[in-house]
Amino acid sequence: MRKISILWTDDEIDLLRPHIIFLREKGYDVDTATNGSDAIDLVGSHYYDIIFLDENMPGLSGLETLSRIKTLVPHVPVVMITKNEEESIMDEAIGSKIADYLIKPVNPRQILLSLKKNIEKKRLVTAQTTSDYQSEFMRISSRLTDKMTWEEWAALYRTLVYWELELSGSDDKAMDEVLSMQKSEGNMAFFRFIRENYTGWFKKSLGERPLMSSDIFRQKVFPHLENGRKVFVLVIDNLRLDQWRLLSRVISEYFRTGEEALYYSILPTATMYARNAMFAGLLPSEIEKLYPQLWDDDDNEGNKNQHEEELLRRQMARLGRKEKLWFDKVSNLKSIKKVSDTMTAVQENDLSVLVFNFVDMISHARTEMDMIRELASDEKAYRSLTLSWFNHSSLLDLLKSLSALNITLVITTDHGTIRVDNPVKVIGDRETNTNLRYKLGRNLNYKSKQVFEVTNPKEAFLPSRNVSTSYIFAQNTDFFVYPNNYNYYANYFNNTFQHGGISLEEMIIPVVTLYPKK
């Protein structure tokens, strides 16, 4: 293994010989310089993992040397060592992006700790994280064999997402594979849980069953209005819990979290069903019955979500709510530029709702564009792409502006998504829908053990096109493919992100209440 290389620059370097000897005995390579000019020359001709730099030297000062070093090797950590405790010196050094700041006299242990923090941190964190997950692995596996409640499944999914994010920062590919296998095992057990319990939930009251799509506004939005606060609801289509956790790290700079809850998307976990149910406060068959003109019996998702604002207004009217509502939807890149214009509307209305479809667009673009597929090649890359978009989006600009207002922010989604890799054959007639994770139609032909079948849609509060309509839902990472051109479509959709079926990622999703820090 290559030794870690250190450059230590100090005009009193001879007084530091015991420190140099200590580090060499610990296995580090150490070069020394007595002034800034020599240090810059060494940096230009040698590679160093870390640089220790005295702040007060004759000739080039430590800060001047730091500035020149950063132009040569901007990513190499520099630790400033000084006798000067003036705040202005510290501020200037920190502003110049030093990695650490030590006050003389320093002892060898301080130097060793700084090395471990700045050079060996990733290795040490990786080793500790791997060890901690190995300890947790058996506990999670044991829970998967138990008969769990919906609350316990939500808690388990939180745990899996926590470890997924923790391990994503390490280079231990073996642990990534172990976690992936455990998630797959979890999804298969979760599928059995849903198949056994889902339709029974509709016979129970809230509390005996989980919070679901049709409950969101009644339970998580309207109570804030009753407290006299303006509320802004942001619905980010297709947002999973792991993606939310990354976005929340950015949002937490401007908002504090009041509550991070998880709820269950209804089936199908598709925009046309889950999001309509959210805004209507009704289940799909109830929407079709009460407002047939607002339920388009069509396989085109765009058509089926043209009436979201009207469905929300109808829900508010049914509940006797009189608040002023503003509603908008961002569904393409051109309209994203107009997001900041919503500030005036937010201030003039009691309840503001913005639907943001960009994460869903990333998912679809990944399927259709080789470049996006390459950029989001796996779960970690998909999360990274989502975060990169958010950090440079006008949505973040809007949230920054909202943080200056006295509002309650509710962020949620309609369903999640899962990366599929196992094609499953299904046969249907021409009227069968095209979604890869669920099918509805007549005369569906499939292996019943591979799917969750709903032969009586009324039990799941789903609309029926005719008396013989049935629904089937894919499990884990399966996706449905017709026998015609089977190999082509199996390869085309393999390793793409899809939704509509049954998985932890698709069904257990966040609804978060936040308040401005200001």
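Buried means under 20% relative accessible area, exposed means over 50%, and partly exposed lies in between, with a 1.4 Å probe and protein chains only. By this scale Glu323 is partly exposed, with a relative accessible area of 21%, whereas Arg321 is buried at 16%. The side chains of these two residues, Arg321 and Glu323, meet in a salt bridge with an N to O distance of 2.9 Å. A salt bridge here is a side-chain nitrogen of Lys or Arg within 4 Å of a carboxyl oxygen of Asp or Glu.

The model is predicted: local features need pLDDT of at least 70 and side-chain atom pairs count only at pLDDT 80 or more, while totals for chains, interfaces and linings use all residues. Residues are numbered from 1 along each chain as its sequence is written, and side-chain values use heavy atoms, with hydrogens and water left out.

Across the whole structure, a search finds 28 salt bridges. One of them joins the side chains of Glu505 and Lys183, at 3.2 Å from N to O. This pair links distant parts of the chain, since Glu505 belongs to helix H22 (residues 504-507) and Lys183 to helix H8 (residues 173-201), 322 residues apart. Both Glu505 and Lys183 are buried. Helices (H or I, at least four residues) and strands (E, at least two) are DSSP runs, numbered from the N terminus.

Another salt bridge connects Arg240 with Asp242, whose closest N and O atoms are 2.8 Å apart. Arg240 is buried, with a relative accessible area of 1%, and for Asp242, also buried, the value is 1%.

Asp242 leads on to a helix pair. Helix H10 (residues 241-251) packs with helix H19 (residues 379-391) at an angle of about 35°, the axes being 9 Å apart. Axes are lines fitted to C-alpha atoms, for helices over the stretch in contact, and angles run from 0 to 180 degrees between N-to-C directions. Where the two helices meet, H10 contributes Asp242, Gln243, Leu246, Leu247, Val250 and Ile251, and H19 contributes Tyr382, Arg383, Thr386, Leu387, Phe390 and Asn391; contact means heavy atoms within 4.5 Å.

The description now turns to a sheet. Six strands form an open sheet with mixed pairing, in the order S7-S18-S10-S6-S9-S8. Because strand S7 (255-264) and strand S8 (325-330) stand at the edges with a single partner strand each, one side of each is left without a neighbour in the sheet. On average, neighbouring strands of this sheet are turned by 15° against each other, direction ignored. Two strands pair if DSSP finds at least two bridges between them. Strand S10 (residues 407-412) and strand S18 (residues 508-516) run antiparallel and are joined by 4 bridges; Val410 has Thr513 in S18 as its bridge partner. Helix H14 (residues 308-318) packs on the sheet, where it touches S8 and strand S9 (351-356), and its direction makes about 155° with that of S8.

Helix H21 (residues 486-493) has Tyr486, Ala490 and Phe493 as its buried residues. They lie on the same side of H21 because they cover an arc of only 85° around the axis, the arc being that of the directions from the helix axis to the C-beta atoms. An α-helix has 3.6 residues a turn, so residues three or four places apart point the same way. Asn487, Tyr488 and Asn491 are exposed on the other side of H21. After H21 comes Asn495, which has a positive phi, near 65°.
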